[in-house]
Amino acid sequence: MTGPTVVADLMSSIVTMLTAGAGLKEAAALMRSTGLSALPVVDGEGRVAGVLSEADLLVKVERPAPAESSRSFSEYRRRARWRGTLVGDLMSRPAVIARPDTTAPAAARTMLDYGLERLPVVDGAGRLVGSVGRRDLLAVFLGR
Amino acid sequence: MRALTLVRDVMRPPVLVPDGMWFQEIVRRLRVSDAGCAIVVDRLGWPIGALSEEDLLARLADPDRAGEAESAARRATRRRAVAVTARELMSEPLISVAGSLPAAAAASLMRERGVRHLAVLDQEGRPGGLVDRSALLEPLLRPDLAIRQDVEDLLRRLVRERAASVTVDVRDGVVVLVSELQLAGLLEDVEEVEGVIGVRREEPAAADGGRCAS
């Protein structure tokens, strides 16, 4: 092997994405059927506007806390987010991404620092070219 | 109303890893089991901790950038980067729940404790299942028709005979109550129904075409 292993060597180039106007039930169904823990959300020009993750969707699974208990800021924010019904309302933004030439150790560092399981891979022209998950990165230890 | 989705409805059989298993073999076991987390067990099969792909990723990740102050969390990450057995690698605390816990409560517990997995132990305290975040999305997939029936039952209990004047429409988990009544406070009760993604009230269609108010 020549040079360090980079994201392009390990990523999945199947691109599954959402739009900000999609419904959350549709997003949950897509996540369950693909087994992907996070999906990129693209705008009209094909740029990655954010990422919707399982953690974002679980806000909807939790029952909303009664209004009078919403004293702390985080509780208030959680409740405010619960009001959203579209992907754009719950997605995390800006998106934390990887480039095809990001090295595997650097991508792992980014995942750990941000507590993410999957990163969209975006090329220099801003095009979404794939995604890379924790398991993809761990493949470097298994040899090929 | 029908029973809520419980942890036991969505859990999967646990992936078990002996505490002395080596790094590379753990990577392989998680991969073939299609799991993001394993329960680490001692020689007698008792659970002693949880080990996730995140713990394994620490061995790959770039070390600190030069000159940056090293936080305790970073030091722990670095320590794991050179650890080799399951016992040394595990860091996600083993948080266990009963199979009878509602999925919604399990989701809250995960968020509060900052974990992505929960172990389900049997009556003897041995691993009986594992739930991840993906499994807990299941309640969001409830069919609209089932949600509508629950909402209609709820209305009959809360506003009795006036329930007949409320039309319930559910689309992709979003409940629309069409009614002349204000229904104040009621919307929050409807939010509690499993599978509901949002609730709003609309005025019945009038000469002006109807408008949205909630």
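How many residues of chain B are in contact with how many residues of chain A? In this predicted model, 52 residues of chain B are in contact (heavy atoms within 4.5 Å) with 42 residues of chain A.

Residues are numbered from 1 along each chain as its sequence is written, and chains are lettered from A and ligands numbered from 1 in the order in which they are written. Local features need pLDDT of at least 70 and side-chain atom pairs count only at pLDDT 80 or more, while totals for chains, interfaces and linings use all residues; side-chain values use heavy atoms, with hydrogens and water left out.

**View 1. The interface of chain B and chain A.** The area buried between the two chains (accessible area, 1.4 Å probe, lost on putting the parts together and summed over both) is about 4400 Å², of which carbon and sulfur atoms give 59%. There are 11 salt bridges between chain B and chain A, each being a side-chain nitrogen of Lys or Arg within 4 Å of a carboxyl oxygen of Asp or Glu. In one of them, A:Arg135 pairs with B:Glu53, with the closest N and O atoms 2.9 Å apart.

**View 2. Helix H6 of chain B and its cover.** Just after H6(B), B:Gly114 takes a positive phi of about 65°.

**View 3. The largest nonpolar core.** This core, a set of buried Ala, Val, Leu, Ile, Met, Phe, Trp, Tyr and Cys residues joined through side-chain atoms within 4.5 Å, has 36 residues, and those with the most contacts inside it include A:Leu57 and B:Leu118. Leaving aside neighbours within four places in sequence, A:Leu57 is in contact with residues including A:Leu24, A:Met31, B:Leu137 and B:Leu140.

**View 4. A:Asp136 in helix H7 of chain A.** A:Asp136 lies in helix H7 (residues 134–138) of chain A and counts as buried because its relative accessibility is 19%. The side chain of A:Asp136 reaches the backbone nitrogen of A:Gly133 at 2.8 Å. Not counting residues up to four places away in sequence, A:Asp136 touches A:Leu10, A:Arg118 and A:Ser131.

Note on methods: Helix = DSSP H or I, 4+ residues; strand = E, 2+ residues; numbered from the N terminus. Buried < 20%, exposed > 50% of the residue type's maximum accessible area, 1.4 Å probe, protein only. Polar contact = N/O pair within 3.5 Å; in protein donor to acceptor, adjacent residues only side chain to side chain.
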